[in-house]
Amino acid sequence: MNFKEAIKIADHIYWIGMYLENDPFQCHPYLIENGDASVLVDPGSMLEFDAVVEKINALCAMSKIKYIILHHQDPDLAASVPAMEKLIDREDLRIITHSRMVPLIKHYLIRSEYYEIDRYAHRLQADGLDLQFITTPYCHSPGAFVTYERKTKTLFSGDIFGGIGESWDFYAEDDYFERARQFHAEYMPSRDIFNYALKKIEVLDMTLIAPQHGSIIKKPQISPLIEQMKALECGLYLEDGYRNELLVSLSESQSHTLYLKEGVYWDYDRRKLFWHDSEIVLKPKERIVLTLLTSKVNHTVSSIEIFNHLYEDQPNRDFSSDAITSLIKRIRQKIPQDTIKSCYGVGYILETK
Ligand SMILES: [Fe+2]
Ligand SMILES: [Fe+2]
């Protein structure tokens, strides 16, 4: 295979990239040759600009390009657009992207107007083209999408199905998942969000997937690859520190629970303290104080505030800091060490961090 030339991958569809030596991150632009309304897909950065232009010129004049698809805002696919625009030199050149990408993409100093897919029912049926755009939000960009070329059943998948590695195969082998694994683990935000995107993709009748990185995937590999991808743990869940914090905050937001430490948590709805499934019995005053402190997590609460809260029905009662000190001492015996910290002369703080 001669990578110095454009490589036809489907009827009227060409790979027009270049092989970047010693770069595990190969970037692939494509051309849909379509007469006066040809389409450039993720044209790349200035690293590849000369090679890409040379390959386009071997297929058609630059002025034949009417559309440039940018599947998201990253420089490895979009940085060369201003230079491409100058060579294309067409007033009716349109940048096809999602409206959520435009505020970022415009910083490349792109001059052309945008064809925002979400304003056009995620479809382009014009000039003999039939392109369907499928949004894949947060994989890995908020406005990310993929493009399904309906005539050849080719999916231009942007970063999804990308692979990285020491060596590079133009067409994916059966072990491609191993090359795709690291890239997706690092770039896709989480398994559930990634699975949402995969579910929208897998219903398409695809003969070929042309990703922006890695290898082109032929039909026999598509379904097995998607199945393996579905089971992949990725993004925020990969690092233990993030994973645990995320699970805690998820559970707090879903169950109105505040995790303290060592399996101890406060149930806001029932105003009760638990260690795993067992309730830690609190006396009435202890419960009142914990209700107050858990409503002001990580903020200092003064002894006077605690006192007033405890005895709000007895406004004439004299403040006693000793009473608060001994009450806090009793509560501390029931919760993990250092959960309630003293701020000398100020009050107390219930810390979860
Ligand atoms: Fe990207
Ligand atoms: Fe990319």
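In which crossing, left-handed or right-handed, does H6 pass H7? The close-ups below begin with this pair. The model is predicted, so local features need pLDDT of at least 70 and side-chain atom pairs count only at pLDDT 80 or more, while totals for chains, interfaces and linings use all residues. Residues are numbered from 1 along each chain as its sequence is written, and chains are lettered from A and ligands numbered from 1 in the order in which they are written.

**View 1. Helix H6 (residues 191-202) meets helix H7 (residues 219-230).** Helices (H or I, at least four residues) and strands (E, at least two) are DSSP runs, numbered from the N terminus. The two axes (lines fitted to C-alpha atoms over the stretch in contact, with angles from 0 to 180 degrees between N-to-C directions) come within 10 Å and cross at roughly 160°. H6 and H7 are therefore roughly antiparallel, a term for angles over 145 degrees. H6 passes H7 in a left-handed crossing: the near helix is turned anticlockwise from the far one by less than a right angle.

**View 2. Strand E14 (residues 257-259) pairs with strand E15 (residues 264-267).** Three bridges join these antiparallel strands; pairing takes at least two DSSP bridges. Look for Leu258 opposite Trp266 in E15. Four residues lie between the strands of this hairpin, where Glu262 has a positive phi near 50°.

**View 3. E15 also pairs with strand E16 (residues 272-275).** They run antiparallel, joined by four bridges. Here Tyr265 stands opposite Phe274 in E16. This hairpin has four residues between its strands, and Arg271 takes a positive phi near 55°.

Methods. Parallel < 35°, antiparallel > 145°, perpendicular 65-115°, else oblique.
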